[in-house]
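Open the structure in your viewer and have the selection tool ready. The tour goes from one selection to the next and says what is there.

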Amino acid sequence: MDLALLARLNEERAARRAAVLVTDLQSNTQRLVLEKDIMADPLSALLSDALRMGKSGVVESDGHKVFLTVQAPVLRIIAIGAVHISQALVPMAKQLGHDVIIVDPREAFASPERFPDVPVHAEWPDVALPRLGADRYTAYLLLTHDPKIDDPALHFALKSDAFYIGALGSRKTHGKRVERLQTIGFDEHAIKRIHAPIGLNIGAISPAEIALSILGEITAKLRLKPDGTKIGN
Amino acid sequence: MLATDDDLLRQAEEWRREGRGVALATVVETWGSAPRPVGSHLVIDAEGTFMGSVSGGCVEGAVVTEALDVIESGAPKLLEFGVADETAWQVGLSCGGRISVYVEKVT
């Protein structure tokens, strides 16, 4: 592999952009295809499949074996609410290899002392979220229980490509949330993207258990197709 | 920390920039129960220093040896390891799986 190509691949990852390295195992030629250029590539269908599944692997092209090295950005969890659940979630998410960012305008909550290991933004979501950027490798967790803070974040998340949006609160709380969203024009398709009540139903009670159920749901969202079978099988 | 295969690609770039001869080995196919998934990397320098893994430690030694060859010649190699190939290769995967590993020089 050419050093310039390797450097480019590393650069794309640092910038949170997906890319696929295409290696012809017969001719030993290589090229790097950036996410934005995939549709123009002769292997576009194969490349976009591989990227969607986040899976590297061998494909056949013109009778040649071609290896696709898929590089998808590190998953990022943006938690709205510097709350107890978020504190429990940080070390677990790190174990899973995800980045975590905390956003909460309440300075008493969003203190570096409570979150020594991750970036904390003591700002309103409508200020912080656009600056943090949105992509389909991002999950949003709405954990404040306070519509004043959660709702603006939810509006932003629903307009993004985020792969997961979860909102804390009972079915009743969520019912009211849905009404507010409908009033300002969000349709059923958008509202269905919200996982609420947040997390897998494992009977979670403690903050750590709720964090576990959220991360379980995020993992399922990543690894399972909508019909419940494993992606890639 | 070299926890992920992404970190290993950064390591390969760094080593090359330091002027070392570097090879990158990648698991490209697996059959049966293979210890490391497709896409796993092993990075090797001309001194035989290596980082990462392409198996649970069963075939790394052989891959490093082949990698030194690749660094020398510049020609990539596609290697296969597994119980079925024990006659061709003196190493096999104890788990009974089979893996194919692409070894290329970073130029």
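Start by colouring chain A and chain B separately; between them they bury about 1700 Å², and carbon and sulfur atoms give 59% of that area. Keep in mind that this is a predicted model.

**Stop 1: the chain A side of the interface**

Select A:Met1, A:Leu3 and A:Arg13. Together they supply 33% of the area that chain A buries against chain B, more than any other three residues. The whole contact takes 18 residues from chain A and 21 residues from chain B.

**Stop 2**

Which residue of chain B forms a salt bridge with A:Lys65? Select B:Glu29: the closest N and O atoms of this pair are 2.8 Å apart. Across the interface of chain A and chain B there is one salt bridge. The polar contacts there come to nine residue pairs, counting those with both residues at pLDDT 80 or more.

H1(A) gives the largest share, six residues. By class, this side of chain A has eight nonpolar, seven polar and three charged residues.

**Stop 3: chain B by itself**

Chain B has two helices and five strands. Followed from the N terminus, its elements run α-β-β-β-α-β-β. Of the 107 residues in chain B, 45% are buried. Among the contacts in chain B with a separation of 6 or more, 49% are between residues 24 or more positions apart.

**Stop 4: the two domains of chain A**

Bring chain A back and colour residues 3-71 as domain 1 and 76-223 as domain 2. The C-alpha centres of these two domains of chain A lie 32 Å apart. Four residues from domain 1 and five residues from domain 2 make the contact.

How much area do domain 1 and domain 2 of chain A bury between them? The value is about 410 Å², with 28% of it on carbon and sulfur atoms. In domain 1, select A:Arg16, A:Glu35 and A:Leu51, which lose the most area to domain 2 and together make up 83% of what that side buries.

**Stop 5: salt bridges between the domains**

Two salt bridges cross the interface of domain 1 and domain 2 of chain A.

Definitions and conventions
Residues are numbered from 1 along each chain as its sequence is written. Chains are lettered from A and ligands numbered from 1 in the order in which they are written. This is a predicted model: local features need pLDDT of at least 70, side-chain atom pairs count only at pLDDT 80 or more; totals for chains, interfaces and linings use all residues. Side-chain values use heavy atoms; hydrogens and water are left out. Domain bounds come from an automatic or database domain assignment. Contact means heavy atoms within 4.5 Å. Buried area is the accessible area (1.4 Å probe) that two parts lose on being put together, summed over both. A salt bridge is a side-chain nitrogen of Lys or Arg within 4 Å of a carboxyl oxygen of Asp or Glu. Helices (H or I, at least four residues) and strands (E, at least two) are DSSP runs, numbered from the N terminus. Buried means under 20% relative accessible area, exposed over 50%, partly exposed in between (1.4 Å probe, protein chains only). A polar contact is a pair of N or O atoms within 3.5 Å; within protein, one must be able to donate a hydrogen and the other to accept it, and residues adjacent in sequence count only if both atoms are side-chain atoms. Ala, Val, Leu, Ile, Met, Phe, Trp, Tyr, Cys and Pro count as nonpolar, Asp, Glu, Lys and Arg as charged, and the others, Gly among them, as polar.
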